[in-house]
Amino acid sequence: MKKTDPIAVFDSGVGGISVLKELMALLPNENFLYYGDSINAPYGTKSAEEIKDLTKKNAEILLEKGAKAIVIACNTATSVAADSLRKLYPDIPIIGIEPAVKPAVLYKIHPTVIVMATPLTLSQDKFDELARRYDNEANIIALPCPGLVKLIERGVVEGPELDAHLKEIFAPFRYLKVDSVVLGCTHYPHIKDAVSKAFDHKAVIFDGGSGTARETKRRLESIDMLNDQTQKGELHIINTLGTKEIMDLTYFLLNR
């Protein structure tokens with residue numbers, strides 16, 4: 001590996017662009033390779049074995065393209081496949097993402113916290129362990145959001161259709177005072193404004209993208225693999241769907 005080799009970032013589709021933006025802001029001199037697997041989106045409704053196979057395949061492709069590190073910018077893939085991928089490639093920094101439950105819990109004394117995520121993420125032991133850690137400090141409500149990733153993959157990131165979908169998802173909590181909402185899927189930061197509006201802008205919104213970016217920097221620093229070039233890094237984007245619409249959406253979300 002060389003310091004100038006790219007940091008690879010992959011997701012089940014366009015969601016991981018939210019993490020990529022955090023990485024590019026923190027590490028502007030790094031070269032990045034973004035791989036969106038939109039043809040197989042969403043991952044959150046697939047079996048654990050399917051996700052492990054897709055994650056392994058994605059990693060193989062990215063390593064063939066010279067990645068010096070892999071960021072799994074997908075909460076579902078992280079919870080299901082990150083450990084097995086690290087065992088398979090022990091010499092490659094592999095950084096995952098997890099729902100930002102800790103900062104949401106620490107936001108205030110015994111807050112009510114809604115964690116939005118895919119059904120599969122919320123069904124994993126990893127999430128159960130995370131939630132149990134803060135059982136006595138907050139009222140943590142796990143909220144599966146089926147259909148939301150598909151909506152975002154279609155480019156619906158604002159407007160009446162999204163507002164109606166969120167209203168339906170949040171209907172059971174319309175009379176509950178919610179202190180904070182955790183966006184436990186990398187697609188969801190793209191609709192952060194709509195989520196905030198759904199709670200009348202009274203809930204604080206958290207996501208794990210910035211923490212993942214900081215951890216990536218820390219891991220690369222620890223092995224002296226940060227790019228020391230002075231010019232701005234390059235970005236290369238691949239999407240398995242490959243249509244003009246999905247590429248236009250990718251760049252729209254990147255520059256939004």
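1. Leaving aside its neighbours within four places in sequence, with which residues is Ile191 in contact? Ile191 is in contact with Leu148, Ile152, Val156, Val157, Leu162 and Leu166, where contact means heavy atoms within 4.5 Å.

2. On the basis of the note: this is a predicted model, in which local features need pLDDT of at least 70 and side-chain atom pairs count only at pLDDT 80 or more, while totals for chains, interfaces and linings use all residues. Residues are numbered from 1 along each chain as its sequence is written, and side-chain values use heavy atoms, with hydrogens and water left out.

3. The largest nonpolar core has 51 residues, of which Met116, Leu148, Leu166, Val181, Tyr188, Ile191 and Val195 touch the most other members. Helix H11 (residues 244-255) gives the most to this core, with 5 residues. A second, separate core of 22 residues includes Tyr35, Leu54, Ala67 and Ala82. A nonpolar core here is a set of buried Ala, Val, Leu, Ile, Met, Phe, Trp, Tyr and Cys residues joined through side-chain atoms within 4.5 Å; buried means under 20% relative accessible area, exposed over 50% and partly exposed in between, with a 1.4 Å probe and protein chains only. Helices (H or I, at least four residues) and strands (E, at least two) are DSSP runs, numbered from the N terminus.

4. Leu62 is found in helix H2 (residues 48-64) and is buried, with a relative accessible area of 0%. Not counting residues up to four places away in sequence, Leu62 touches Ala8, Phe10, Leu33, Tyr35 and Ala67. Leu62 and Gly159 are 97 residues apart in sequence and, C-alpha to C-alpha, 35 Å apart in space.

5. Helix H1 (residues 17-26) has as its buried residues Ile17, Ser18, Val19, Leu20 and Leu23. These buried residues of H1 pack against strand S1 (7-11), strand S2 (32-36), strand S3 (69-72), H10, strand S9 (235-239) and H11.

6. Thr112, in strand S5 (residues 112-117), counts as buried because its relative accessibility is 11%. With residues up to four places away in sequence not counted, Thr112 touches Asn139, Ile141, Leu176, Lys177, Val178, Asp179 and Ser180.

7. The count of aromatic pairs comes to 2, under a rule by which rings of Phe, Tyr and Trp (its six-membered ring) pair if their centres lie within 6.5 Å, planes under 30 degrees apart counting as stacked, over 60 as edge-to-face and the rest as tilted. The rings of Phe170 and Phe199 have centres 4.6 Å apart and planes at 55°, so this pair is tilted. The pair links distant parts of the chain, 29 residues apart, with Phe170 in helix H8 (residues 160-170) and Phe199 in the loop between helix H9 (192-198) and strand S8 (204-207). Both Phe170 and Phe199 are buried.

8. The largest pocket has a volume of about 440 Å³. Of the 22 residues that line it, Ile97, Glu98, Gly208, Gly211 and Thr212 are the closest to its centre. Helix H3 (75-88), helix H4 (101-106), helix H6 (125-133) and helix H10 (209-222) are the elements that give two or more residues to this lining, and H10 gives the most, with 5 residues. The lining of the largest pocket divides into 8 nonpolar, 6 polar and 8 charged residues, with Ala, Val, Leu, Ile, Met, Phe, Trp, Tyr, Cys and Pro counted as nonpolar, Asp, Glu, Lys and Arg as charged, and the others, Gly among them, as polar. On a 1 Å grid over the protein atoms alone, a pocket is an open set of points where a 1.4 Å probe fits, with protein on both sides within 12 Å along at least five of seven lines, and lining residues have an atom within 4 Å of a point; a volume is the space filled by probe spheres set on the points.

9. The second largest pocket, with a volume of about 290 Å³, is lined by 13 residues, of which Phe173, Arg174, Ala198, Phe199 and Asp200 lie nearest its centre. By class, this lining has 8 nonpolar, no polar and 5 charged residues.

10. Some backbone values deserve a check. Most residues other than glycine have a negative phi, and most peptide bonds are trans. The peptide bond from Ala41 to Pro42 is cis, with omega near 0°, and Pro42 has its place in the loop between S2 and H2. Asp200, in the loop between H9 and S8, has a positive phi near 55° and is exposed, with a relative accessible area of 54%. Asp224, found in the loop between H10 and S9, has a positive phi of about 55° although it is not a glycine, and Asp224 is exposed at a relative accessible area of 52%.
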